[in-house]
Amino acid sequence: MTNDTSRANGAELVRFDKVTKRFGEVTVLDELDFSVATNKHVTLIGPSGSGKTTILRLLMTLLKPDEGTITVDGELLTHEQKNGKLVRAGERHTREVRKKIGMVFQQFNLFPNMKVQRNVMEAPVHVLGLDKDEAAQRAKDLIELVGLTEHLDKYPSQLSGGQQQRVAIARALAMRPQVLLLDEVTSALDPELVAGVLDVLSDIAHSTDITMICVTHEMSFARDISDRVLMFDKGKIVESGSPEKIFSDPEHDRTREFLSTVL
Amino acid sequence: MMTSGMFQNYFLPGIWITIQVTVYSAALAAVVAFTIGTLRTSRLWIVRFLAGAYFEIFRGMSALVMLFWLAFSLPLILQWQLVPMYAGVLALGLTYGAYGSEVVRGALAAVPVAQREAGVALGFSRAQRLRRIEIPQAWPEMVPPFNNLLIELLKGTALVSVIGVADMTYAGNLVRLGSNESAPVYTLLLVLYFAMAFVLTRGMRVVERVAKAGVGQADPLTFRRTKATAPATTSGGAR
């Protein structure tokens with residue numbers, strides 16, 4: 001099932017095929033087709049309730065689509081082949097494909113029962129089976145990358161929101177995912193803490209070849225890191241293009257209207 | 001007249017038996033509580049149903065009657081008799097384990113969904129999430145209600161005296177029969193149970209502090225109220 005050429009730069013890493021997601025009566029995503037190429041950074045913008053976060057949660061398998069399929073790195077995420085038939089993915093298959101994906105949440109979601117370093121090394125040790133020393137070194141390197149070396153030995157509750165979010169970024173990166181999902185990562189932060197988090201992320205975006213899918217209301221950040229910006233409204237992509245194009249010369253009235261409210 | 005000889009020969013061994021029954025029953029109850037409590041959060045309805053049935057059945061049965069049943073009916077059925085003290089431990093452990101399972105289930109349900117999601121996002125299996133994320137975070141919530149149950153259990157151990165286990169209460173009854181002094185004997189018993197409960201409560205306070213420190217909510221020991229280093233919030237911020 002694995003497609004060997006899919007890792008090459010420019011190939012499709014994430015693909016949604018006619019994905020529909022409903023919450024009760026409300027259709028949040030309506031037969032959505034969209035794909036993200038390897039090494040690209042894609043930002044999803046649009047009014048709240050337009051389905052952006054739902055896309056990330058579907059990819060992280062926190063939600064299941066009602067219809068359609070999602071493919072990651074050539075492998076089906078939502079389904080698997082069993083006896084020649086396509087069936088809903090079981091827990092084991094889901095966990096295997098999910099390893100390619102990492103996520104940073106709006107509310108950080110650090111584990112309050114673990115100190116900073118253990119937050120970062122827990123999954124590499126117990127999920128990837130990494131040697132403790134190796135995982136500790138990897139954690140230290142990443143915590144240094146996000147500028148928190150002096151806080152290694154603290155509990156999350158002893159850190160500011162911005163610091164917690166930077167630990168959460170290090171924690172997601174420690175799993176070496178191919179795709180990093182960023183779900184409004186600065187929305188819960190005090191205004192003066194936003195820049196520190198965005199600086200770290202933009203460093204990562206420019207210095208690594210990780211693929212990013214980002215939901216944000218920080219338009220200048222979106223402009224800085226994105227290769228492509230997708231404008232969403234009512235579960236559909238209204239417009240897609242380079243950040244220059246979308247922010248300076250949008251084609252659709254809906255995009256213009258939305259940008260005028262946030263810029 | 002109650003003499004010091006009566007205390008040494010009857011009460012002292014009785015106290016020791018009460019402590020033993022309490023410790024063994026509490027250990028069994030803890031195992032039952034965690035097993036049934038976590039099974040009651042299972043994704044499989046049949047597992048949830050069976051664990052829930054255990055809870056309802058054992059919560060709804062009289063521990064005293066179960067004690068009689070284990071001591072007097074079970075031997076007739078099996079042609080084999082449990083040592084009375086273990087019959088007592090079994091009846092108390094299974095009953096208080098059922099109560100405890102509700103504490104475990106409730107505390108697990110109170111762990112924020114966001115923690116489960118973070119665990120999923122990092123690839124943890126369900127069992128790993130329970131063991132490494134959900135149970136450690138739920139634990140500080142469990143300690144105060146567990147303390148209540150533990151004291152209920154301690155006082156409940158007096159039941160074993162009716163099947164002939166020579167605990168504190170049994171010793172008290174013997175001394176009363178021998179000396180005909182009800183008032184001092186039962187007063188002494190009340191004071192002894194209270195003293196033991198008080199010691200348990202103090203102990204559980206320490207457990208609670210340690211548990212809270214384990215999730216970064218408090219310092220492990222009271223006398224370390226101030227820290228040598230400056231608080232984190234002033235040293236970091238928006239860099």
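**Close-up views of a predicted two-chain model**

**View 1. The open antiparallel sheet of chain A.** Four strands of chain A, in the order β2-β1-β4-β5, form an open sheet with antiparallel pairing; two strands count as paired if DSSP finds at least two bridges between them. The edges are held by β2 and β5 of chain A, each with a single partner strand, so one side of each has no neighbour in the sheet. This is a predicted model, in which local features need pLDDT of at least 70 and side-chain atom pairs count only at pLDDT 80 or more, while totals for chains, interfaces and linings use all residues. Residues are numbered from 1 along each chain as its sequence is written, and chains are lettered from A and ligands numbered from 1 in the order in which they are written. Helices (H or I, at least four residues) and strands (E, at least two) are DSSP runs, numbered from the N terminus.

**View 2. The pairing of β1 and β2 in chain A, with helix α1.** Eight bridges join strand β1 (residues 12–23) of chain A to β2(A) in the antiparallel sense. A:Arg22 has A:Thr27 in β2(A) as its bridge partner. Helix α1 (residues 52–59) of chain A packs on the sheet and touches β1, β2 and β4 of chain A; residues are in contact if their C-beta atoms, placed from the backbone, lie within 7 Å. The direction of this helix makes about 115° with that of β1(A), where axes are lines fitted to C-alpha atoms, for helices over the stretch in contact, and angles run from 0 to 180 degrees between N-to-C directions.

**View 3. Residues of chain A with positive phi.** A:Glu31 lies in strand β2 (residues 26–37) of chain A and has a positive phi near 45°, although it is not a glycine. With 14 C-beta neighbours inside 10 Å, A:Glu31 counts as partly exposed. A residue is buried if 20 or more other C-beta atoms lie within 10 Å of its own, exposed if 12 or fewer, and partly exposed in between, with C-beta atoms placed from the backbone. A:Asp73, in the loop between β4 (67–72) and β5 (75–76) of chain A, also has a positive phi, of about 50°, without being a glycine. A:Asp73 is buried, having 21 other C-beta atoms within 10 Å.

**View 4. The hairpin of β6 and β7 in chain A.** Strand β6 (residues 79–82) and strand β7 (residues 85–88) of chain A are joined by four bridges and pair in the antiparallel sense. A:Glu80 stands opposite A:Val87 in β7(A). Two residues lie between the strands of this hairpin, where A:Asn83 takes a positive phi near 50°.

View 5. Strand β9 (residues 179–183) of chain A is mostly covered, with five of its five residues buried. In a regular strand the side chains alternate between the two faces of the sheet. From β9(A), A:Val179, A:Leu181 and A:Asp183 point one way, and A:Leu180 and A:Leu182 point the other way. Four bridges pair β8(A) with β9(A) in the parallel sense, and A:Gly102 stands opposite A:Leu180 in β9(A). Strand β10 (residues 211–215) of chain A also runs parallel to β9(A), joined by five bridges; here A:Val179 stands opposite A:Thr211 in β10(A).

**View 6. The side of chain A that touches chain B.** The contact takes 34 residues from chain A and 25 residues from chain B. On the side of chain A, α2 (91–98), β8 (101–104), α3 (116–126), α5 (161–173) and α6 (191–207) each supply at least two residues. The element that gives the most is α6(A), with four residues.

**View 7. The surroundings of B:Leu150.** B:Leu150 is found in helix α6 (residues 126–156) of chain B. With 22 other C-beta atoms within 10 Å, B:Leu150 is buried. Leaving aside residues up to four places away in sequence, B:Leu150 touches B:Ala26, B:Leu200 and B:Met204. The C-alpha atoms of B:Leu150 and B:Gly100 are separated by 9.6 Å, and these residues are 50 residues apart along the chain.

Technical notes:
Contact = placed C-beta atoms within 7 Å.
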